[in-house]
Amino acid sequence: MPILVYINGSINSGKSTVGSLLAKNLPGTVHIEVDELRQFADCLSLAEACPYCLEDAATLARNWLSRGFNVVVTWPISHCDYAVFERVAADAGVSIYAFTLRPALEVAMSDRDQRQLTERERARIREQYRSSHIDPGIGTVIDNSDQTPAETLATVRATLGV
């Protein structure tokens with residue numbers, strides 16, 4: 001039986017890295033990186049594009065689940081928007097697991113690995129930590145401040161029982 005895994009968190013929290021690692025380590029798993037969907041709508045502002053990206057990610061998740069694949073979705077999300085994926089899982093008759101990566105603000109604000117944050121990204125991280133747009137209480141909250149991506153993956157896998 002396939003599963004749906006949602007990884008939430010601010011910019012630079014490790015969502016994409018952990019999602020990619022999970023997809024590589026869990027057979028039959030696809031990774032829907034919603035930031036990639038955003039690139040289809042460069043003509044729109046981020047605020048204008050977000051509802052479309054959410055809808056497209058839900059459609060892709062539904063399609064891949066119906067084909068028997070596990071699905072990992074990574075994107076910052078509110079509790080209200082997360083309900084969309086809960087409905088996708090319910091409609092597909094699969095379990096959904098959610099994780100929120102929540103490193104300390106100073107860790108999220110730092111240049112990690114190869115990523116050099118722009119001032120715009122740093123401002124968005126501060127905003128995401130202050131606002132309710134990203135719900136820090138969705139699913140299992142992981143403070144990955146002092147974890148490597150492999151250690152965070154191990155925490156996720158242990159929760160999934162895989």
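How many of the residues in strand β1 (residues 3–9) are buried? Seven of its seven are, and the strand is mostly covered; buried here means under 20% relative accessible area, with exposed being over 50% and partly exposed in between (1.4 Å probe, protein chains only). Strands (E, at least two residues) and helices (H or I, at least four) are DSSP runs, numbered from the N terminus. The model is predicted, with local features needing pLDDT of at least 70 and side-chain atom pairs counting only at pLDDT 80 or more, while totals for chains, interfaces and linings use all residues. Residues are numbered from 1 along each chain as its sequence is written, and side-chain values use heavy atoms, leaving out hydrogens and water.

Both faces of β1 are covered, with I3, V5, I7 and G9 buried on one side and L4, Y6 and N8 on the other. Strands pair if DSSP finds at least two bridges between them. β1 runs parallel to β4 (residues 95–101), joined by seven bridges, and G9 has L101 as its bridge partner there. Four bridges link β1 to β3 (residues 70–74), again parallel, and Y6 is partnered with V73.

Residues in contact (heavy atoms within 4.5 Å) include L54 and L65 of α3 and F85 and V88 of α4.
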